[in-house]
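Visitor: Could you walk me through this structure? I am new to this, so please take it slowly.

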Amino acid sequence: MRKILSKTFFQRNTLAVARELLGKFLVRKIGKREIAGIITDVEAYDGLNDKASHASRGKTKRNEVMFRAGGVWYVYCVYGMYEMLNIVTREKGYPSAILIRGVLADDVLYKKTNGPGKLTKFFCIKRSLNENQAQKNSGLWIEDRGIKIKNFLRGKRIGIDYAGAWKHRLWRFYIMVEIAKI
DNA sequence: ACGATGATGAAC
DNA sequence: TTCATCATCGTA
């Protein structure tokens, strides 16, 4: 089973989408080469009130894509070095997105993709993908390949100590993966 | 524990 | 135009 997730999947409650992204496949195609990995770690950033979200201080040039209808990529640079990959959710006008923090491709690649900055580096994801649809024509999309995640963990979002009370929200969803010794 | 490294947004 | 901040990572 291989089904590319459509706009309607993303244009729903952000926390529900985040939870359901666990076990889906992130697929990257550059030329003839295709690489894919199971999504294992995500964080939700939802609405204007969420003080951890870029949207909390209103619309800016950078976060404008978060206000669009769900199903497009939001890619930005943090700490001057790392690209962060987010998928926009909800309907047009509601700012929200999900940060993809971890992907399991294979045992070797896992070590390289355990973290949002490493993930984008090894999937060759750059800011040129910002605003693009999560569909084949952009070279980056998400597929349902039939994996069902029964047990997952929730936790606080990483690196948002500035967010006041919002830093305690359990809006990180992730699964632990046992890695065989290489 | 800390420095790298540069885009961003708010202040001036 | 300046300046503090930052959804991180590698090294120690």
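**A threonine and a DNA strand**

Guide: Let us start with Thr89, which in this predicted model is buried, with a relative accessible area of 0%.

Visitor: Okay, and where does Thr89 lie?

Guide: Thr89 belongs to the loop that runs between β5 (82–88) and β6 (96–104).

Visitor: Which side chains does the side chain of Thr89 join in a polar contact?

Guide: One polar contact, of 2.9 Å, links the side chain of Thr89 to that of Thr14, and another, of 2.8 Å, links the side chain of Thr89 to that of Ser96.

Visitor: What else does Thr89 touch?

Guide: Leaving aside residues up to four places away in sequence, the residues that Thr89 touches include Phe10, Arg12, Val17, Arg68, Gly70, Tyr94, Ala97 and Ile98.

Visitor: New topic: which residues surround DNA strand B?

Guide: Around DNA strand B are Arg57, Thr60, Arg62, Tyr79, Gly80, Met81 and Arg127. Of the atoms of DNA strand B that come within 4 Å of the protein, 60% belong to sugar and phosphate.

Visitor: And by class, what does that surface have?

Guide: The surface near DNA strand B has 3 charged, 2 polar and 2 nonpolar residues.

Visitor: How far is Thr60 from a phosphate oxygen?

Guide: An N or O atom in the side chain of Thr60 is 2.4 Å from a phosphate oxygen of DNA strand B.

Visitor: What about the bases, then?

Guide: There the backbone takes part: an N or O atom of the Tyr79 backbone lies 2.4 Å from a base oxygen of DNA strand B, while a backbone N or O atom of Gly80 is 3.1 Å from a base nitrogen of DNA strand B.

Technical notes
Residues numbered from 1 in each chain as written. Chains lettered and ligands numbered in written order. Predicted model: local features only at pLDDT ≥ 70, side-chain atom pairs only at ≥ 80, totals over all residues. Heavy atoms only, no water. Helix = DSSP H or I, 4+ residues; strand = E, 2+ residues; numbered from the N terminus. Buried < 20%, exposed > 50% of the residue type's maximum accessible area, 1.4 Å probe, protein only. Polar contact = N/O pair within 3.5 Å; in protein donor to acceptor, adjacent residues only side chain to side chain. Contact = heavy atoms within 4.5 Å. Near = heavy atom within 4 Å. Nonpolar A, V, L, I, M, F, W, Y, C, P; charged D, E, K, R; others polar.
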